[in-house]
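Please have the sequence and the structure open side by side. The paragraphs below go through them one region at a time.

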Amino acid sequence: MRTRIRRYASAAAVVAAVTAVPLLASPASAAVPPPSVSDFDGDGYADLAVGVPDGTVDGHAKAGYVNVVRGGPKGIGAHGSLRVSQATAEVPGSPEAGDRFGASVALVDMNGDGIAELLAGAPGEDVNAYPDAGSVVAVAGARSGTRPASVVATGRAASASYGLSVAGADLTGDGSRDVVIGGKGTVVLRTADGLSGTVVTDHMGSRAPSLAAGDFDGDGTQDLAVGYWSTTPYVRSHVRLYRWDAAEQAVQNFWNTDNAGVSALAAGDFDGDGHDDLALGECREIADENIDDPCGPEEFAAGGGIHIHYGGTPSGSFGFRHQTLGQDSPGVAGVAESGDRFGAALAAADVDGDGRDDLYAGAPGEAIGTRSGAGATTLLFGGPAGLLDASGRGRSAALNQGTPGVPGAAEASDAFGAAVVTGDYDGDGAVDLAAGSPGENAGSGGVWLLPRAGAAGSFAITPGKLGLPSPSSALGYGRHLHSR
């Protein structure tokens, strides 16, 4: 989930990137960014949360933990990390097999004190008599270790799986962050002042609902985007927008696109008009009714497509203007192939400092040469017309383990790009990229850091390098990431 914390470089800094160009020019000079909202230890640098729900804790398989990797002058990975689990003294509960603590993570400064809280979901948590009801906790950050944690919400039925997804956003406009929680078949809201309510209940399958936040209606307050889909027992596929209704003290649905199944959502101002837009990642038409083409032209759906709805249109209606792109779009790196999963992960930030957000997209199923599922990422640049220009051409740069300067080697099933995030981890004012590769090293996993959004100086952090327990186990490290 992304809030509109913008990073601006100098106007003279222009990144000239074209299809398949692996290296991005760094800004010549960059303004100091605002304080990071993902600074867990309060040292002024953005940190990275890596959920490891398959990790063993105190002998309990898949009890799960979160690895908070500290940023600093030398970037992520050089300043240590912290493991947070239900075995941590300040965290409620106790580790149990199958809790899957860390299946969803978010670093969010909930109260504006400059130190982020860690939101962590445990969808396998048993609550009273309800197995797998799930729970979400908020763990307060500190300069060393953690401060006291509290339970944000628990599921109220067996297999409710609260904590499949989690996000923080100021939906009520009071300056504090509210918590949005996704489970099996439901999305709920817990406001900063303690109000609880249901956002939506529907058939969602076993997938985590996709969540994003942005000011989509232009009223100056964040709204919530929710995406989900299922084919059993009924076909359901929706992307819905909700805004806070002060009179009703609840969120109200104000915009929908139906029949669209998405794997990821990201909010950003891709055309620089001052209005938030919404990107739908790995968008596919579930019902196949050929009525409204909710994901745009079908020729862009091969291998996964990204469909963008723009705000600030002349009609005054969100989403009236839209674009669709895939790896066969002019100016977009790569070639669309079945199973690429282009857009399965998304993150938005103004990487090149031109005042327009850019979109970082993962394609964990991408084949690199003959190595199927090695995975890749693509940085798509915003412009006056959005992610595509008036002629329908994009500007992009490809980054993967086959890119010169990027460490490691592309191997089958690495799933590079299964998760992507952005942040200024070394405090130099430029946006850095991070990509998870949970299949690396026989499923142990890793995270690749791309300073200043390029291959130069890139490096990987892995469970072994960080001294995590059982580093050769199938931890899937890098599948669940959050930072901003």
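C295 is buried, because its relative accessible area is 11% (buried means under 20% relative accessible area, exposed over 50%, and partly exposed in between, with a 1.4 Å probe and protein chains only). The model is a predicted one, in which local features need pLDDT of at least 70 and side-chain atom pairs count only at pLDDT 80 or more, while totals for chains, interfaces and linings use all residues. Residues are numbered from 1 along each chain as its sequence is written, and side-chain values use heavy atoms, with hydrogens and water left out.

What is C295 joined to? A disulfide links C295 to C283, with 2.0 Å from S to S; a disulfide here is a pair of cysteine sulfur atoms within 2.5 Å. C283 also counts as buried, at 3% relative accessibility. The link is left-handed, with -65° about the S-S bond. C283 sits in strand β18 (residues 277–285), whereas C295 lies in the loop between β18 and β19 (305–310), so the pair, 12 residues apart, links distant parts of the chain. Strands (E, at least two residues) and helices (H or I, at least four) are DSSP runs, numbered from the N terminus. A search of the whole structure finds one disulfide.

Next comes a sheet. Four strands form an open sheet in the order β4-β5-β6-β7, with antiparallel pairing; two strands pair if DSSP finds at least two bridges between them. At the edges are β4 (104–108) and β7 (146–154), each of which pairs on one side only. From one strand to the next the twist averages 20°, taken between axes that are lines fitted to C-alpha atoms, with angles from 0 to 180 degrees between N-to-C directions. Five antiparallel bridges connect β4 with β5 (residues 117–122), and L107 has L118 in β5 as its bridge partner.

L48 belongs to the largest nonpolar core, of 21 residues, where L48, V69, Y425, V447, I461 and Y477 touch the most other members. Such a core is a set of buried Ala, Val, Leu, Ile, Met, Phe, Trp, Tyr and Cys residues joined through side-chain atoms within 4.5 Å. Two or more residues come from each of β1 (48–52), β2 (65–69), β25 (419–423) and β27 (447–450), and β1 gives the most, with three. Another core lies apart from this one and has 20 residues, including A345, Y360, L379 and A397.
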